[in-house]
Amino acid sequence: MREYLRWTWLLSLSLVWTLLLGYGSQAQEAEGLEYFETKVRPILVEHCYECHSGMENQGGLRLDHRMGIERGGDSGPAFDSVRPSESLMLRAVGYQDSDLQMPPSGRLGDAQVAILEKWILSGAPDPRTNPGGGITEDLSDELGKPKGMSIQEGQSFWSMRPLGLVSIPTPAQSDWCRNPIDAFVLQALESKGLRPAPPASDGELLRRLSMDLIGLPPEPSEYRAFEQDTAPEAIDRQIDRLLSSPQYGIRYARHWLDVARYSDSNGLDENIAYGNAWRYRDYVVEAFNKDKPFDRFIEEQIAGDLLPDASLESRIATGYLVLGAKVLAEPDRDKLMMDTIDEQIDTIGKTFMGMTLGCARCHDHKFDPIKQRDYYALAAIFKGTKTFGDSNYGAIKHWNEISFATQEEKASLKSIEAQIAEKNGVWTKLKNEAIGKLRQRVKQQAADYLAIASTLTSEATLNEWQNAGQELGLHPRVLANCRRYLDNHRDTPLFEKWHAAAGLGDMAGIRAHYLALFERVELEWEKAKSTDPQIKRLEDPELEAARIALSDAGGFLAIPAKMEHALDDESLKQIHELAEVARVFESSAPDESSAMGVGDKGVVDGLAIHIRGSYRNLGEFVPRGFPSVMITPGTAPIFGRQASGRLELARWLASPSHPLVARVIVNRVWRWHFGRGLVETTENFGVLGDRPSHPELLDYLARWFIESGWSIKELNRLILSSASYRMSSVHPEPESALATDPENRLLWYFSPRRLEAEQLRDSILFASGGLDLRLGGKSVPLRNRQFVFDHTSIDHTKYDSARRTAYLPIIRNHLFSLLEQFDFPDPTMPVGSRNTSTVSLQMLVLINADWIVDSAHRLAERSEAYSSEAPGRIDWLFEEVLGRRPEPYERQRLLEYVMGDPDESSSRWEQVAHNLLVCSEFLYVP
Amino acid sequence: MFHKSQQEPGHPKSHCVRGLAQDFQSSMPSSSTPTAGNVLLASSRRRVLESTALGFGYLALRSLMGEPRAMGQDPTGPSTGVPLVSTGPHLRPRAKRIVFLFMKGGPSHIDTFDPKPSLTRDDGKPPPFELPRVVFAQQGNLLKSPWAFSQHGQSGLPVSELFPNVAKHIDKLCVLRSLHGSNPAHGGALLKMHTGSDQFVRPSMGAWITYGLGTENQDLPAFVTICPTLAHGGVNNWGSAFLPTYCQGTPIGNASQPAKQASVQHIVHPSLDRASQRKQLDLLAKMNEDFSKAYPNEASIAGQLGAFELAFRMQSSLPEIQDLQTETQSTLRLYGLDDPVTENFGRQCLMARRFLERGVRFVQVTHSDSEVQWDQHSDLYQGHTKNAAEVDKPIAGFLADLDQRGLLKDTLVLWGGEFGRTPTSQGNGRDHNPHGFCMWMAGGGVKGGFAYGATDEYGYYASEKKMHVHDLHATILHIMGLDHERLTYRYAGRDFRLTDVAGQVAHEILA
């Protein structure tokens, strides 16, 4: 109705304006322009230019010249010359549409809005023909909007060029080279006048290989065997041993899980358990162990449910698409859907293509040749994909799962659900009874509460209330609440007497008055009930008010809402114990046999561009498809009529002709071996990403990898066989090399690396003899969809398992302290290159964490079993932990330490063991 | 890898446009490599910093090394992994440190600092305005406030009966009445309030401020959060996301623990006494020195030594702050430590003061218990009465104490929740309302006894001088001497800001 009136008014106004101006076009124009200059321009300058002029063009809109207004911003023209009354500008300043309100800081005054309306309805006369300054940058269009690379430019950008044939260079010192990798590396070194470091020692190399491939240090016997094996292929035998160890899969899976942002909980707005995520984790471990061809690995993760030979295994792989962190309680479900699609597109872009596709959600990519059309072409494919389930828990939406439970299992789960409910019922019943009893008691003493409440003020402390009510056995918090309630309800007739008497300090009067009143209430109520059992109220208004007040749960006798504030210690103890029983039962109850995974929802053959990323502001329709810069010109993808298009997407990514996918994965593998990629920005091969340090080598490896049948283990072997990998971590003449290449990007020596969090914990447990090497299985101690944290903030997750760190729970939002401190990546985003920071909170973990202290204790005990002689014990410890015998001075130093305090000898041995487990030599891989 | 972007003062503010210009510079091929000498110097300095910054602020360390606080000049060049130069203050700082008293769950603005006579008048009537398109749950009719408001102080600003003690300090408060956010659920709103994003994991505002300003105390983290809630965003609310690890907040306990038991994880050895541990670490230092001599060019290996030392010192410096024995009885009373109702929050506030006076840059104190504390969908009267009683006296005591110690003038105090509550009812409670709510500031550089902006006549929508959460963040950074458009970090090919692409400073509230 209001809307109608508004437009009627506008129409009549415009009519007046037309009449006014109707006497001649020239005069009309002059008058219009004058109106603009005197009325309109000041408003634009004051309220709009800050964000919409010159280089500022938020929303793509400039209002400082006529063309800007006519062409408008991302949402379309600000002024509609055909139907001026429907101009976007009017909608924005009208403040009627909650999605479009300008200026954002608050509505303009009515008079100002009226001026703009009048101006627009009269055709928006505007003398400002020449755009102002700031728009001549090469990278901006004529209106100052920045523009990214064009598709044509993009196709000749280094990472998007087709993989060509690369010839292997011939460096001068070619006898150093063990394989083609070395030829590329050495040529780059020689071009800068650098020389590679000498080969690493056997001990150094074995530790490097072992940490690299299985994430554990070699055992002393392995060092010895390697030393004794003098055959030329001794190293290759070690490589084969490590590559075929099942522990390899754990180490390599963890690399991939970083990229796949793996987690056992949602951990964005609501932290509930991904109780079945482990199936995806185990799938990845197995994939690496059996060297699943990487092209197949891609297809399974993106479309494992749609493959012609789809299996349970390949469907579990699609968990990759569901694992992301989601705003599960987002009440705007359409937004939730598009945000989740965004997460999927962004993750796929970074994981497989090294492209920040998410940047094109709101506008064309500002730098890379990715257009907003490309984004929505992909989004359509995921709009047709089922990522969410059909159930929810309150406001919390559930993700999609693939169930493979049998009928019997489903039946037994029903009984388990019932048991959970029953166990929860036990403690809630007990609690309700205890509260009910307290309520009854308080009600019986209502007059006492009122009387004692008058003896202190609202300012009184709880201790004072405790003392005041002690004699009568009154509950101090109820008493304090009562007094506060009375102060807040001075005008309630029922308590007028109380306020009057309290003012006089007449406690006895209060008690007498209310005791009598409440007795009468009870009497009358009984009486009334006996005549009419259905009766709802008492006739007498005063009695009725008292009756209601007495039974008002939030009234003057309110019981504290928090159980801990209401009940006595003994009841609480009992309730807490029973609640814990229920919680533990639920946490360890079996889950339905199911996996996180997607399905097809239907065919969405295209999507309208979401202007500024808002699904409420739709633009041009785009058919589903792939980023145009990555497809051969003229060959648009053809999608099956019956499916979402994910299968086509997966096959396109896994095809040898994709320019980015092979480059990106070989660079990742290189990063895992050397600690730094040939392209440092493993997730960004775009304009803002790093350029490869050895571009030909990268292309050579990419091609070689495809030719090998996309075999990761073959690639491992190639890299590990190179002289480049086998260099020492110390260069004999570092000075000149440091000056030329301080970051060692050209690989003149092998950069030593600090252990990653998992290597650190696994090695400490392994060296002390306490690591459980088993593979697979559920390891998060929570039931699927159970809250990791509800509002209690109690962390029930335990990390006391002896299993490899890859099997510890990964809780988004609350990582295990070791992972948190030692640069474990944020498991909400794909990370192919972890940081290595040195902060003191890490050292607190190293010197004080229980599990390290326990490991030191275990190690010290084992050393005692080995030898009762101190020097022998020290030698044994060195070999066990560091894989070498101590130098004489080292032995002497530790001897002096353990002998330094005979009373504390066993503690001193533990300290020595502890130091060996956290010393730099142990923490770094040479 | 990321690097600190090079910025020029006065460059236009759209991050994308700015990023464009500079990124084409920084992505030039390596033919533009500076002279070898410079690179060596830059590199070794970077390595020293990377390894010995001990996690507590590059800025502070840099000033120890006698380097100038030049803004945005990153001597390491674009391709390095560590942002050497912290931005440092861009502007005149009005406050040196900040404390956020966070009321988890969403305290009602219309029952505390934003009185609405029309609501009282129209109690029980259907709302005469449109409800938002997306609401959290079904909403009832208008519900008047159960509390009376009265004017306080010289300024005469109204405060409800819920905060009789804070009301005595009203002339120190700058009440922000036109806050609005974008997410109506706790998780999203907490993330928005703390990180500026309710969709992605982004650095928290404490992390940004730490990144910008570093710390004033080498023995303590720059950013601590006392008894934070682990629900609804949890660690992300004090995390550093893609900023360096040293920027993350250090939690002291969590909301499930009484403040008395709250401590930093791993702060004590499970069995060893201090003197023995000292000897153990002396031995460790000798072992590590040997190793680092073998790798003279790996500064990060040498950095281990210092990091262990600082950890050892923290083991005494942190518990010392939490030990309140040196406080006088009258101080303890001032914070309400003599009353079980106020003891817990009072202890948190007193700890906060002790952190602040030792140079901790950002302290958050969270009022949250095993429920969603201020979330009164029902029993508004009972719940808010209890919550206010727990914090009113401690906050008043905290303000008075900061003031009398001369700390308030350069400490920014921020009070508020993740959103406000609706003037419409849900039974006898109120629903979440991100469309209009209030917070208040006190101290460092803001006008006292001042109310900024307004909600509509019923308090549903912010209407005058609207202040989005991004605007709040921009204003906070401004008060701390940081320009929210220049405090950026390059990650995944983009320059990120706390305020994303929005944010306007509310200059009017500045003293």
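In chain B, 76% of the contacts with a separation of 6 or more join residues 24 or more positions apart; two residues are in contact if their C-beta atoms, placed from the backbone, lie within 7 Å. This is a predicted model, where local features need pLDDT of at least 70 and side-chain atom pairs count only at pLDDT 80 or more, while totals for chains, interfaces and linings use all residues. Residues are numbered from 1 along each chain as its sequence is written, and chains are lettered from A and ligands numbered from 1 in the order in which they are written.

Chain B holds 13 helices and 17 strands. Helices (H or I, at least four residues) and strands (E, at least two) are DSSP runs, numbered from the N terminus. Of the 511 residues in chain B, 63% are buried. Buried stands for 20 or more other C-beta atoms within 10 Å of a residue's own, exposed for 12 or fewer, and partly exposed for in between, with C-beta atoms placed from the backbone.

Now to where the chains meet. Chain A brings 92 residues to the contact and chain B brings 99 residues. On the side of chain A that touches chain B, helix 34 of chain A gives the most, with eight residues. That side divides by class like this:

| Class | Residues on the side of chain A |
|---|---|
| nonpolar (Ala, Val, Leu, Ile, Met, Phe, Trp, Tyr, Cys, Pro) | 36 residues |
| polar (the others, Gly among them) | 34 residues |

One residue to look up is A:Gly436, in helix 18 (residues 407-444) of chain A. A:Gly436 is exposed because 11 other C-beta atoms lie within 10 Å.
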